[in-house]
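Me: I would like to learn how to read domains and sheets in a model like this one. Could you take me through them step by step?

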Amino acid sequence: MSTSTAEPTSTSAAPADKSSNGAPRRDGYEPNMVLATQTFDVVGTRPVRHDGADKVTGRALYGADLALAGTLHGAILRSPHAHARIRSIDTSRAEQMDGVHAVVTADDLPEAEDKLVDVGEGDTRLSYVHGNVLAKGKVLYQGHAVAGVAARNQHVALEAANAIVVDYEPLPSYMTAPEAMAPDAELLHSDLRMKEFGEQTDKPSNVAEHFHWTAGDVAEGFAASDVVVERTFDTSTVHQGYIEPHNVTALWNHDGRLHIWCSTQGAFVVRDVTSKILEVPVSNIKVTPMEIGGGFGGKIPVYMEPVAALLSRKTGRPVKIVMSREDVFTGTGPTPGSHSRVKVGASADGKIQAMEATLAYEAGAYPGSFVAPGGMCVFAAYDCANLSVDCYDVVVNKPSSAAYRAPGATQAAFAAEQVIDEIASKLGLDPVDFRLRNAAKEGTRRADGPKFRRIGCEEVLQAVRDHPHYAAPLTGPNQGRGVAVGFWFNVGLESSCTLNVNTDGTVHLVEGSTDIGGTRTSIAMQAAEVLGIAAEEILPEVVDTDSVGFTSVTGGSRTTFATGWAAHDAAQKIVAEMRARAAKLWSVEADQVQHAKGVYSSNGNSIAFRDLAAMSSKTGGPVSATATVKPRGVGGSFSANIVDVEVDPETGKVEILRFTAVQDVGKAVHPSYVEGQMQGGSVQGIGWALNEEYFMGADGTMKNSSLLDYRMPTTLDLPMIDTCIVEVANPGHPFGVRGVGEANIVPPPAAIANAIHRAVGARMQRLPMSPPAVWAEVAGS
Amino acid sequence: MQSIHVRTTINGQAAEFLCEPRQSLLEVLRDVLRLTGTKEGCNDGNCGACTVEMDGRIVPACLVLGAEAEGADILTIEGIAEGSALHELQNAFLEGAALQCGVCTPGFIVASKSLLESNPDPSEEEIRFWLANNLCRCTGYDKIVRSVQAAAGKMQQETTS
């Protein structure tokens, strides 16, 4: 296969040419293919990750593995009510229990100033972060933290937490955006006033913000359309579902310095937010990011760090708190449930004439649902002049929502991509061909204003069209094939990197981006490429906030892109220094020394990087360089799926028969880890599509807060996930990187819904598409 | 609370410990014996991150009491590599990029080793069935299943050659 820009090249290193029974794959396709546009020496290869041996032997230290001498163990008391006023908290019995060292409540926190704080992926009001850490006056969701205890061990801490007596006055609770938006709904926050079109109004409301973007004239566009489809959609609250629960150890030392060890996507976010909450200068806080057991956006917020710190200050000892799985479900960021309406019109020639969307997302207890990114992405794959998008950020009595892999985009694509599919059907057009006719390209204006730079939407859709999967026949009744496309911006933010050259020719790389899936290696590879040495000769280390320059979160698909760029820039400085060192050896000017693939040469002299490094002491001393970046050249990523399903009409169960993920990643620095991101994001999307939901009782409490009942996909629920990496180089990055972490979760629910429709004729307007929901639709259609 | 004295074998070595009656084997391994390679993901038997082998059977260590380990033979992730040589499964997981965050990896490796001992040439379906109690949220399982297949192939080559 080929696309307009690419030739197929390397394929998976995995033993992928045979199916499980040893027979050749059914139609001779490669399960993982890379459509490479540019080749390098190191970038694009598949070295073993630097932290690999530690992680397959159990040696890697995650936050819960830390045990400082004298550690006390903590527990958090959480609200049993979805919405209640706190009349009083009596901690006396808990404090008197044997083995209990300290108890804290919101009264132990400094008063929150009325100011904004950067929480990793944008600003929010400090009082909201404050209120979420320990509830003051009111609890806003079941699981809302009310008090913290430090005790001899976690059993005693838990018993003591349960001995705290809280007098609650239950209040009416609202679980969905439409309920909370109702005119007679009680306010969650008495001081919340709606922000509308960027302006602060004085309207008390549970709608924290209303965004509106428009382009062209949608009325005219619909009038010019031969086919118009309008539908409403709902999606349930789901959780990021990382396997490692949140954890923290804090030591407030007697010299006033606070040291925090935790599982976080952003050590500097923990430092800066904790500093604001506790009113301690950032210079007095050191955060050591431990190995992180998954995050997907959910380990950006600060939850227990300030509580553990306060308990440590009270006791003078390190305090460690590890969440239970139930705490993770009820107390940490799920991704918003949503209610949306999408209307699209197209003319008989297959051109989209108008697109209109209204999205209302559940922010949870505090504003900030990522509905705006949803609105920016909802029609991003299409080139249409007439656009109108309204977004509502609505507070409800659920946990304060957090980022989850392309936050906001999946809910929007579930709606938009089904309407697009329906229009293609009505026009009698192939769904991929219809999307290609209308695909966004360089210069297309997005609903929220910006014009796309070079993007790979068309190339991704062409790869779908040309993929052997798309032409393969379905093999039985009640089977259907669906496609969908999704978009995520990716972000740049800020990164730092230091390289220290060792005299044996290896290079220590110091960085501050938590490694959540192999980024030590993808960053090191970019430095290795510039230096002309092997990936294994770079020794990357993720360090604490005292030991590296500021680095933003591991999030927004930015780590390989931005921290890799910092490594690239630092490596360029090393090359410049090494040229100067060689020049000294040969008594020439530095600009007379050339560098290629790790060899420095001038006028017939040449010396390898390793030998030059060995002479550093004689040529001027240690060689070291630091670079910091705030990149502007962020390249968005498009992702598409082909999925075959079989629906059991008797039970409504949907089986995924075959799944192909296609994504433009710009440049796959480490193709195996890129495939892994695409496969992992796809499967999270499959779980979101078919099973996962916060099942809420009438009292607003979660009824399925265990991994048995929440039911994330297991090995048995899935086939292999085939990948097709499309490389449309991002002109804004030295190696063309766009980032791969997020866009892959966007299309699966929509693609599966489209497949279900083609299999059994049911149009699924609600997630999850669980057996009872599908059965009801099939029975009704 | 009265402590219980337990004698057991862990990774081939005799081990003794004191534990409270309410402490799970997982808690004992991690907090008492400091074998922190065995991970806690849920503490109710539903994620498989704490999978260990006990008298030849894989069990979630969170559902076994420490006191129940009396006289048992226990294998944890720390006992999988032999000396400085990684087990073929560990090599295959690294070569096949079968881990991302790595927190579920110890459980997967212990469970997979047990599978390959009873079934040296498992089909994809058999691998998927065996590993269905081990949750991974990062990889989508594709590369894990392929890596177990690759390790099985390598181990069979070694036994036949």
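Me: Which domains does the assignment give for chain B?

Reply: In this predicted model, chain B is assigned domain 1, covering 4–79, and domain 2, covering 88–160. The centres of these two domains of chain B, taken over C-alpha atoms, lie 22 Å apart.

Me: How many residues of domain 1 of chain B are in contact with domain 2 of chain B?

Reply: With contact meaning C-beta atoms within 7 Å, 14 residues of domain 1 of chain B touch eleven residues of domain 2 of chain B. On the side of domain 1 of chain B that touches domain 2 of chain B, the largest share, three residues, is supplied by strand β3 (residues 51–54) of chain B. Sorted by class, that side of domain 1 of chain B holds seven nonpolar, five polar and two charged residues.

Me: What are the domains of chain A, and what separates their centres?

Reply: Chain A is split into domain 1 (174–450) and domain 2 (495–629), and the C-alpha centres of these two domains of chain A are 37 Å apart. Their contact draws 16 residues from domain 1 of chain A and 13 residues from domain 2 of chain A. On the domain 1 side of this contact in chain A, α7 (267–278) and β17 (285–289) each provide at least two residues, and the residues of that side comprise eight nonpolar, six polar and two charged.

Me: How should I read a sheet, and which strands form the open one in chain A?

Reply: The general idea is that strands of a sheet pair through backbone hydrogen bonds, in either a parallel or an antiparallel sense. Here, in chain A, five strands make an open sheet with mixed pairing, in the order β1-β33-β32-β31-β23. At its edges stand β1 (32–35) and β23 (479–488) of chain A, each of which pairs on one side only. Neighbouring strands of this sheet are turned against each other by 15 degrees on average, with direction ignored.

Me: In which sense do β1(A) and β33 of chain A pair, parallel or antiparallel?

Reply: The pairing between β1(A) and strand β33 (residues 721–726) of chain A is parallel and runs over four bridges. Within this pair of strands, A:V34 stands opposite A:I725 of β33(A).

Me: Are the residues that point out from β1(A) buried or exposed?

Reply: A:N32 and A:V34 point one way from β1(A), while A:M33 and A:L35 point the other way, and all of them are buried.

Note on methods:
Residues numbered from 1 in each chain as written. Chains lettered and ligands numbered in written order. Predicted model: local features only at pLDDT ≥ 70, side-chain atom pairs only at ≥ 80, totals over all residues. Pairing = 2+ DSSP bridges. Axes fitted to C-alpha atoms, helices over the stretch in contact; angles between N-to-C directions. Buried ≥ 20, exposed ≤ 12 C-beta atoms within 10 Å, placed from the backbone. Domains from an automatic or database assignment. Contact = placed C-beta atoms within 7 Å. Nonpolar A, V, L, I, M, F, W, Y, C, P; charged D, E, K, R; others polar.
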